[in-house]
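Here is a guided walk through one fold. We go from sheets to helices to aromatic rings.

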Amino acid sequence: MEKIAKKIQMVDLKGQYEKIKIEVDAAIQNVLNTTAYINGPEVKAFQAELEQYLGVKHVIPCANGTDALQIAMMALDLKPGDEVITADFTYVATAEVIALLGLKPVLVDVIPDTFDIDIVAIEKAITSKTKAIVPVHLFGQCANMEAIMALAKKHNLFVIEDNAQAIGSNYFYADGTVKKAGTIGTIGCTSFFPSKNLGCYGDGGALFTNDDTLAAKIRMIANHGQSVQYVHDSIGVNSRLDSIQAAILRIKLRELDNYAEARNKAAEYYDKAFANNPKLKTPARAKYSNHVFHQYTVQLNGVDRNALRDFLASKDIPAMIYYPIPLHMQKAYLDPRYKAGDFPVTEKLCASVVSFPMHTELDEETLKYITDSVLEFCK
Ligand SMILES: *Cc1c(COP(=O)(O)O)cnc(C)c1O
């Protein structure tokens with residue numbers, strides 16, 4: 001097979017930028033002209049526009065997605081020793097902030113088809129010390145929020161949605177109600193890291209809530225615990241979204257649904273190409289969520305994953321493993337409570353998943369070249 005001229009990337013930020021360059025450059029220049037770098041009008045406008053888009057009462061911008069999770073747990077007054085349940089199969093940030101605040105991360109397995117946190121496992125993990133559940137909307141679709149909210153209600157727990165990977169996706173209730181990912185739990189958290197579905201050109205993040213009191217508290221904590229200038233009511237952090245990033249995000253927010261559509265088109269191409277190959281299990285769609293394909297992740301069956309990646313690399317096709325090591329096997333999170341074999345689904349996924357290029361700029365020629373190459377190896 002002939003190599004194609006275009007450089008293939010996991011995420012093509014340059015190609016995406018080229019299409020909005022005139023607007024973005026002008027928006028950045030405008031911030032430079034006004035010098036309102038911090039908390040300027042762009043931040044307030046972005047906040048209002050995102051509230052409108054999500055249908056949520058409060059969006060509180062902050063410096064990154066990890067901060068958002070930390071601030072959420074601080075705002076809920078979680079105290080050392082409190083237990084927080086989250087998925088074993090996720091990016092480390094979710095568990096990191098739990099541990100950092102002296103809380104106890106309680107890990108649970110996921111379900112194999114959708115990579116969602118396992119509801120039965122959550123219920124088993126609840127104790128008298130459990131204070132919160134942190135579902136992760138992994139790879140671009142929602143966890144089973146209706147079931148999680150019911151469990152939370154029954155046991156009087158907070159729910160913090162880690163929505164770093166699924167902004168813009170819709171959650172469908174059994175009764176037909178539709179809500180945006182991140183607006184269902186007590187607090188939703190997101191990241192605007194450049195490669196995320198709504199990414200800025202640096203770091204950024206935000207928290208979402210419908211609770212006025214909580215929103216005020218979150219705002220205060222993100223700003224050094226300050227109630228009025230130089231009056232500090234609680235210990236806080238310094239976590240801000242800067243105006244240049246907000247100006248960029250305002251432009252990209254208008255494109256977010258188009259971006260999701262482009263990602264879905266690419267996912268459908270992959271799905272079709274891999275459909276009848278028993279070595280490639282394509283990602284399942286949850287019935288309660290649509291997908292915004294932050295990642296397109298297949299489970300390999302009887303394929304040497306490293307050899308596949310080497311083969312693809314020889315054809316200039318990147319492929320990544322999200323995530324290679326379960327949290328409970330990471331050195332930093334080793335805990336006598338957990339041992340190898342405790343989370344069999346996560347362990348199997350970590351050993352068998354691979355993610356292919358997924359972004360808004362994938363054309364048919366590129367997709368054909370990628371899928372032909374994958375199929376050539378997975379004959
Ligand atoms: C990216 C990500 C985060 C952290 O976001 P940052 O902005 O990089 O701090 C948290 N959780 C998940 C699931 C993520 O993918």
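Start with helix H3, residues 65–75. This helix lies across S1, strand S4 (130–134), strand S5 (158–162), strand S8 (187–191) and S9. H3 runs at about 160 degrees to S8. Keep in mind that the model is predicted. Helix H4 (residues 93–100) packs on the sheet too. H4 touches strand S2 (83–87), S3, S4 and S5. Its direction makes about 150 degrees with that of S3.

Now look at the sheet itself. Seven strands form an open sheet, in the order S1-S9-S8-S5-S4-S2-S3. The pairing is mixed. Strand S1 (58–62) and strand S3 (104–108) stand at the edges. Each has a single partner strand, so one side of each is left without a neighbour in the sheet. From one strand to the next, the twist averages 25 degrees. Pro 61 has Ala 206 of S9 as its bridge partner.

Move on to another sheet. Three strands make an open sheet in the order S12-S13-S14, with antiparallel pairing. Strand S12 (280–281) and strand S14 (353–356) are the edge strands, each pairing on one side only. Strand S13 (residues 296–300) is joined to S14 by four bridges. Thr 297 has Ser 355 in S14 as its bridge partner. Helix H8 packs on this sheet and touches S12, S13 and S14. The direction of H8 makes about 20 degrees with that of S13.

H8 also meets a helix. H8 (residues 243–274) and helix H11 (residues 364–377) pack at an angle of about 30 degrees, with their axes 10 Å apart. The crossing is right-handed. H8 contributes Ala 266, Tyr 269, Tyr 270, Ala 273 and Phe 274 to the contact. From H11 come several residues, including Leu 367, Ile 370, Val 374 and Leu 375. What kinds of residue make up the contact of H8 with H11? They divide into nine nonpolar, one polar and two charged.

Finish with the aromatic rings. Rings pair if their centres lie within 6.5 Å. By this rule the model has 18 aromatic pairs. In one of them, the rings of Tyr 171 and Tyr 173 have centres 5.2 Å apart and planes at 85 degrees, so the pair is edge-to-face. Both tyrosines, Tyr 171 and Tyr 173, are buried. Elsewhere, ring pairs link Phe 89, Tyr 91, Phe 115, Phe 139, Tyr 322 and Tyr 323 into a cluster.

Terms used. Residues are numbered from 1 along each chain as its sequence is written. This is a predicted model: local features need pLDDT of at least 70, side-chain atom pairs count only at pLDDT 80 or more; totals for chains, interfaces and linings use all residues. Side-chain values use heavy atoms; hydrogens and water are left out. Axes are lines fitted to C-alpha atoms, for helices over the stretch in contact, and angles run from 0 to 180 degrees between N-to-C directions. Helices (H or I, at least four residues) and strands (E, at least two) are DSSP runs, numbered from the N terminus. A crossing is left-handed if the near helix is turned anticlockwise from the far one by less than a right angle, and right-handed if clockwise. Contact means heavy atoms within 4.5 Å. Ala, Val, Leu, Ile, Met, Phe, Trp, Tyr, Cys and Pro count as nonpolar, Asp, Glu, Lys and Arg as charged, and the others, Gly among them, as polar. Rings of Phe, Tyr and Trp (its six-membered ring) pair if their centres lie within 6.5 Å; planes under 30 degrees apart count as stacked, over 60 as edge-to-face and the rest as tilted. Buried means under 20% relative accessible area, exposed over 50%, partly exposed in between (1.4 Å probe, protein chains only). Two strands pair if DSSP finds at least two bridges between them.
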